[in-house]
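Please view the sequence and the model together.

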Amino acid sequence: MTFIIRKAEKKDVPEILLLIKELAVYEKEPDAVEVNEKNLLENGFGKHPLFTCFVAEVKGSIKGMALVYFRYSTWKGKTIHLEDLIVKKDFRGSGLGSALYKKVMEFALAEGVKRVEWVVLDWNTPAVDFYKKTGATVFTEWQTVQFEEQAIQKYLSNQE
């Protein structure tokens with residue numbers, strides 16, 4: 001299969017959003033996506049982009065993506081967070097995911113980061129196995145912590 005891995009452009013945003021929604025369904029959270037095309041355009045392609053996105057294009061259509069952004073580690077310094085690596089269901093196993101993953105690692109090296117990190121669901125064994133095979137460390141003792149907007153508001157209102 002012939003494909004192109006490239007940096008996303010504004011014109012790709014509708015297909016990027018479809019991939020994000022497909023991932024939400026795969027991760028059993030079909031109604032969790034709150035971002036829209038306007039958010040993605042502003043946050044990824046505006047004056048001060050908050051993320052970088054790479055896409056896998058097959059015959060002019062986006063079939064996969066990897067979205068990353070910079071973080072700062074008090075231990076390591078500049079790092080990259082891989083928010084999502086998504087490949088359309090019909091293209092999994094085709095090499096698109098591996099190519100996107102490689103592109104992220106090349107980007108990280110070019111940017112001089114000390115670490116790339118991401119989270120993976122423990123039941124997503126194909127992804128976990130792939131990451132381990134590439135030499136990544138999959139921690140089991142760390143737990144992801146999140147505070148959703150309503151919980152933040154409730155917490156702050158109780159602090160007054």
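The notes below cover strand pairing and salt bridges.

This is a predicted model, in which local features need pLDDT of at least 70 and side-chain atom pairs count only at pLDDT 80 or more, while totals for chains, interfaces and linings use all residues. Residues are numbered from 1 along each chain as its sequence is written, and side-chain values use heavy atoms, with hydrogens and water left out.

**Strands and helices**

- Helices (H or I, at least four residues) and strands (E, at least two) are DSSP runs, numbered from the N terminus.
- Strands β3 (residues 61-73) and β4 (residues 77-87) are antiparallel partners with 10 bridges; pairing requires at least two bridges found by DSSP.
- Three residues separate β3 from β4 in a hairpin, and Met-65 has Ile-86 in β4 as its bridge partner.
- Strand β5 (residues 116-117) runs parallel to β4 and is joined to β4 by two bridges; Ile-80 is partnered with Val-116 in β5.

**Salt bridges**

- The count is 12 salt bridges, each being a side-chain nitrogen of Lys or Arg within 4 Å of a carboxyl oxygen of Asp or Glu.
- Arg-6 forms a salt bridge with Glu-57 at 3.3 Å, N to O. This pair links distant parts of the chain, with Arg-6 in strand β1 (residues 4-7) and Glu-57 in strand β2 (residues 52-58), 51 residues apart.
- Arg-6 is buried, at 14% relative accessible area (buried means under 20%, exposed over 50%, partly exposed in between; 1.4 Å probe, protein chains only).
- Glu-57 is also buried, at 14%.
- A salt bridge also connects Lys-38 with Glu-42 (3.6 Å, N to O); both residues lie in helix α2 (residues 37-45), four residues apart.
- Lys-38 is exposed at 55% relative accessible area, whereas Glu-42 is partly exposed at 43%.
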